[in-house]
Amino acid sequence: MMKAKMITLGCKVNQFESQAMYKALCESGYEIAGENEKADVSVINSCAVTKMSEQKAVKLIHRIRRENPDTVIVLTGCMAQAFPESSEELSEVDIVLGNKRRADLIPTLERYFSEKHKMTAVEDYGKKDEYESLEIDDFVNRTRAFLKIEDGCNRFCSYCIIPYARGRVRSCSLEYIKREVQAFAKNGYKEIVIIGINLSSFGSDNGLKFADAVKTACESADVRIRLGSLEPESMDMETLKEFAKYKNFCPQFHLSLQSGCDETLKRMNRHYTSAEYAEIVGNIRKVFDNPSITTDVMVGFAGESDEEFKKSLSFVKSIGFAKVHIFPYSRRKGTVADKYGNQISPDVKKARASEMAEETALTSQAFLKSQVGRIEKVLIETRNKNGRYEGYTMNYTPVFVEADESYINEVVDVLITGVENEHCTGQLAISN
């Protein structure tokens, strides 16, 4: 029996698709190699969102070849799709498999073992491509399941390579959502995260609405339904009120901001202003009790002046995010912004990222402190290396809970008692 290893880089969508390839390998007779075990086949599901993620994949390929000279290296994912020529030039890679050819993993491996020469299978996306329904019902070593319901993006933000790596928006059917949610629930998952490349554009290609997908997921099983990253302007009041109907809907909204400066947003080709974003956040806080708002913020975008950065920083502080993911702008060949003048130096990007992180750490702490004294439902997921049990509330607040092994993968009422670094602490709220 041949052994295979899956290595996933990047987003939750990649993790979902890796699970589908993992399943295909197992069903074809492969045994999955352990962490420190050599494999006959090493599949790398890559990311291309930044130059750093591409470099990370290249370093990983070098290391795998050095440590396991005989393994067959398969490079798939967004790097393979967006940059097939540079991917094929990597001498250590035996098979380059684009996102559109993911389902061909097993037959391509069979051909490789038969013909023994390097193979590249990358096919461009077209406007009439259909959604690829990947049927899986399990996530190895995870207590939370991911369900991809949408792929592709039509937005073409000026900095982003992803539309070229993923094609246009494609949505699954509501029947697929129901079937997958029920399958995950049957296998014991208590929470499912609904994900996509441009998740809130679900239905724009087939006459459905994003709210239809959420309604179907929430009504299909008694499990918590959480949403992945969202475009803010899609969260209108009607949609928010629809979400609020469901007790199993998790009130955590990861609204991608990118910048709090309107001039920068315009150059980014984002489809909202800072004032519109603030209004959406205000609406969420009106509709939901104790929601959390998390986001992504880019610093050092092409042309970002000191004044623009200060505007962005001031706006981010004013929102009071529960958590902010900060990253420096990364030039990507093939995007509009790559051709912009006035590119910002790495030192300035680093300094701005540091300042933004320092300020947003304060808003994160303020949010955590606002949870103290509340009784929240926590899904206990893991026992960490220090022997403490850890889980998340409905609004995705991380909590250390005084519990024992029997509570893992259980949703329990927890009294939030304090804050410790980037976690809350709590104890089981057991009624007499």
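Biologist: How are α12 and α13 oriented to each other, roughly parallel or roughly perpendicular?

Modeller: Two packed helices are described by the angle between their axes and the distance between the axes. In this predicted model, helix α12 (residues 306-319) and helix α13 (residues 346-370) have axes 10 Å apart, at an angle of about 15°. The two helices, α12 and α13, are therefore roughly parallel to each other, since angles under 35 degrees count as such.

Biologist: Which hand does the crossing of α12 and α13 have, and which residues make the contact?

Modeller: The crossing of α12 and α13 is right-handed. From α12, the contact is made by Asp306, Phe309, Lys310, Ser312, Leu313, Val316 and Lys317, and from α13 by Arg352, Glu355, Met356, Glu359, Thr360 and Thr363. By class, the contact of α12 with α13 comprises six charged, four nonpolar and three polar residues.

Biologist: Which residues of α7 and α8 meet?

Modeller: Leu174, Ile177, Lys178, Val181 and Gln182 in α7 meet Asp212, Ala213, Thr216, Ala217 and Ser220 in α8. The contact of α7 with α8 has five nonpolar, three polar and two charged residues.

Biologist: Which members of the largest nonpolar core touch the most other members?

Modeller: The largest nonpolar core has 93 residues, of which Leu147, Ile149, Phe210, Phe243, Phe253 and Leu255 touch the most other members. The largest share of this core, six residues, comes from α8. Leaving aside residues up to four places away in sequence, Phe210 touches Ile149, Leu199, Ser200, Phe202, Leu227, Leu230, Met235 and Phe243. Another core, of 17 residues, lies apart from the largest one; among its residues are Val74, Ile95, Tyr112 and Ala121.

Biologist: Is Arg102 buried or exposed, and where is its place?

Modeller: A residue counts as buried under 20% relative accessible area. Arg102 has a relative accessible area of 4% and is therefore buried. The place of Arg102 is in the loop between β5 (95-97) and α5 (105-115).

Biologist: Which residues does Arg102 touch?

Modeller: Not counting residues up to four places away in sequence, Arg102 touches Glu17, Met21, Leu97, Glu132 and Arg166. Arg102 and Gly77 are 8.2 Å apart in space, C-alpha to C-alpha, and 25 residues apart in sequence.

How values were computed
Residues numbered from 1 in each chain as written. Predicted model: local features only at pLDDT ≥ 70, side-chain atom pairs only at ≥ 80, totals over all residues. Heavy atoms only, no water. Contact = heavy atoms within 4.5 Å. Helix = DSSP H or I, 4+ residues; strand = E, 2+ residues; numbered from the N terminus. Nonpolar A, V, L, I, M, F, W, Y, C, P; charged D, E, K, R; others polar. Core = buried A, V, L, I, M, F, W, Y, C linked by side-chain atoms within 4.5 Å. Buried < 20%, exposed > 50% of the residue type's maximum accessible area, 1.4 Å probe, protein only. Axes fitted to C-alpha atoms, helices over the stretch in contact; angles between N-to-C directions. Parallel < 35°, antiparallel > 145°, perpendicular 65-115°, else oblique. Left-handed = near helix turned anticlockwise from the far one by under 90°.
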